[in-house]
Structure formats: C-alpha cells, structure tokens
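Hello,

Here is the structure I promised to pass on to you. Have a look at it first, and then read on for my notes on its side-chain contacts.

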Amino acid sequence: MRASGRIGGMSSPDAQSPQPEKPDQDPVRDRVYRSPAGIAGGVLLLAVAGWFGIDAVISGEGRTPWLALAALLLLVPLVIAFTVRPAVYAGHERLRIRNPFRVIVLPWGRVAALRSGYSNEVVAESGTKYQLWALPVSLRARKRAARQEMRAQAQRGEGVDVRATGRGPGVGSAFRSGGAASQRAVAGPVRSTTDQAMDELRELHEAGQEAAAAQGEVTVRWAYEILAPAGAGAVLLAVLLAVA
C-alpha cells in the first residue's frame with residue numbers, strides 16, 4: 001500500500017510544511033592583532049616571578065612569605081596588563097582596543113584617523129587619542145623593511161642609486177632570485193609588521209565608516225580585573241613594610 005501524505009484528512013506536516021531556514025550568519029570574524037614578542041616576554045616574566053615567589057612562600061621565615069604574596073599580588077596583574085593583555089579587535093563595524101588598564105570601543109564612524117609615528121594610535125572625532133598597546137612601533141623593523149624595499153627596487157630596476165645602497169644586484173643575482181623581484185612588485189612595498197597592521201586598519205576604516213551599523217558612541221571601560229588585585233597587593237605590601 002502506498003503511503004499517503006494525508007493522515008485522517010489532514011496534511012502531514014513533514015510532507016506539506018517547509019522546513020525553517022537557518023538565519024544567515026556572517027562568517028567573517030574580527031581581526032585580532034597582538035604582540036608575539038610582548039606575550040613571550042610576559043610569559044617569561046610570570047614564570048620567573050612565580051618561581052621566586054613560590055619559593056619564598058614555601059621556604060621563607062617570619063614575614064617573608066607574606067611579603068612574597070603581596071609582591072606577587074601586585075606584580076602578576078601588572079605584568080599581565082602590559083604584556084599578555086593588550087590586543088586590538090577590528091571588525092567591519094567597530095574597533096575594540098584592549099589596553100593595559102582600559103577597553104575602548106570605537107565605531108568606525110567615530111574614528112577620525114589612525115596615526116603611526118613613534119607609537120600607533122587612533123584619534124576619535126572628539127580629538128581624544130588612544131594608543132594601540134598591542135601594536136608597538138619598532139624602529140629597527142622599519143629600518144629593516146626599508147633596506148629590503150631598497151633592494152627590491154634595485155632588482156626591479158627602478159633607478160635606485162647603487163652607490164648609495166652599496167649592494168647593487170647584478171645580472172646573475174637577478175636570474176638567481178627566481179622571480180622574487182616580480183613577486184615583490186605585485187605584493188607592493190615592503191612594510192614592517194605593525195605598519196602592515198595599521199594599513200589593514202585604515203582599509204577597514206575607509207570601508208566601514210559610512211555604514212549605518214558603524215555609528216554610535218565611543219565607550220571606555222576600566223579594567224577592574226587588573227586594577228583591583230594590583231591595588232590590593234600594593235596596599236598589603238605598604239602595610240607590611242610600614243609595620244616592619
């Protein structure tokens with residue numbers, strides 16, 4: 001017997017009713033920028049502080065364990081704040097900056113400019129400047145990128161003064177490069193890592209600053225999860241030193 005799509009004069013919901021569609025989800029996530037060198041240095045400092053602090057707590061005598069605990073309570077949040085914590089989250093609608101003691105959220109419509117000098121910073125429409133701790137400027141990296149760009153221009157034959165560079169490639173080196181010069185020509189000028197990140201942020205700003213979803217107010221939140229334990233450690237350390 002052939003199965004019918006109607007049961008008791010009523011249509012089967014599976015046969016007649018369309019299945020609900022899942023809402024579209026945006027597969028693009030925020031870009032995250034952090035400092036690998038800062039994170040590595042912070043982990044190293046935390047390991048050293050933990051080693052000496054725990055040893056002082058276990059084997060110390062008198063007030064030494066309490067002083068070690070107070071110092072750890074003060075230093076660990078500060079090390080985390082300046083090394084591991086900083087990050088920049090960039091999406092199509094907003095820029096979220098996680099600095100050592102604050103979290104700043106700026107819709108792209110409220111961003112006036114992104115500047116790079118001795119530090120990278122974002123300027124709001126109100127004129128307030130916020131430093132990007134997660135994107136530190138390295139003058140050494142900039143100089144290295146400038147030297148690489150100078151060599152790339154020489155290989156592309158863009159009229160670089162070979163006497164000034166002191167390392168002019170010959171015909172043989174051009175053949176040995178295996179097309180590297182043409183690849184760099186397509187990729188564009190050589191830039192340091194943080195300068196490349198700032199270029200990407202500027203592109204996101206230009207693309208999203210006029211969007212309706214990119215409007216709103218700038219919000220600033222203090223990082224009490226860092227300030228509270230560090231303040232408690234400072235007070236405890238001051239009390240212990242005062243009663244010595």
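Let me start with R85 and E225, whose side chains meet in a salt bridge (3.2 Å, N to O). By salt bridge I mean a side-chain nitrogen of Lys or Arg within 4 Å of a carboxyl oxygen of Asp or Glu. This pair links distant parts of the chain, 140 residues apart: R85 is in the loop between α3 (64-84) and β4 (87-90), and E225 is in helix α9 (residues 224-242). Helices (H or I, at least four residues) and strands (E, at least two) are DSSP runs, numbered from the N terminus.

Before going further, please note that this is a predicted model: local features need pLDDT of at least 70, side-chain atom pairs count only at pLDDT 80 or more, and totals for chains, interfaces and linings use all residues. Residues are numbered from 1 along each chain as its sequence is written, and side-chain values use heavy atoms, with hydrogens and water left out.

R85 counts as buried, at 9% relative accessibility, while E225 is partly exposed at 43%. The cut-offs are under 20% relative accessible area for buried, over 50% for exposed and in between for partly exposed (1.4 Å probe, protein chains only). E225 also forms a salt bridge with R221 (3.6 Å, N to O). Through shared partners, R85, R221 and E225 are joined into one network.

Searching the whole structure gives five salt bridges. One of them pairs R31 with E200 (3.6 Å, N to O). R31 lies in strand β3 (residues 31-33) and E200 in helix α8 (residues 193-208), so this pair ties together parts 169 residues apart in sequence.

Now to the rings, where there are two aromatic pairs. F82 and F101 are edge-to-face, at 5.3 Å centre to centre and 90° between the planes. Rings of Phe, Tyr and Trp (its six-membered ring) pair if their centres lie within 6.5 Å; planes under 30 degrees apart count as stacked, over 60 as edge-to-face and the rest as tilted. F82 is partly exposed, with a relative accessible area of 38%. The ring centres of F82 and W133 are 5.4 Å apart and their planes are at 65°, so this pair is edge-to-face. F82, F101 and W133 form one aromatic cluster.

Finally, the charged end of R96 sits over the ring of Y89, 4.2 Å from its centre. For this, NZ of Lys or CZ of Arg must be within 6 Å of the ring centre and within 35 degrees of the ring normal.

Best wishes
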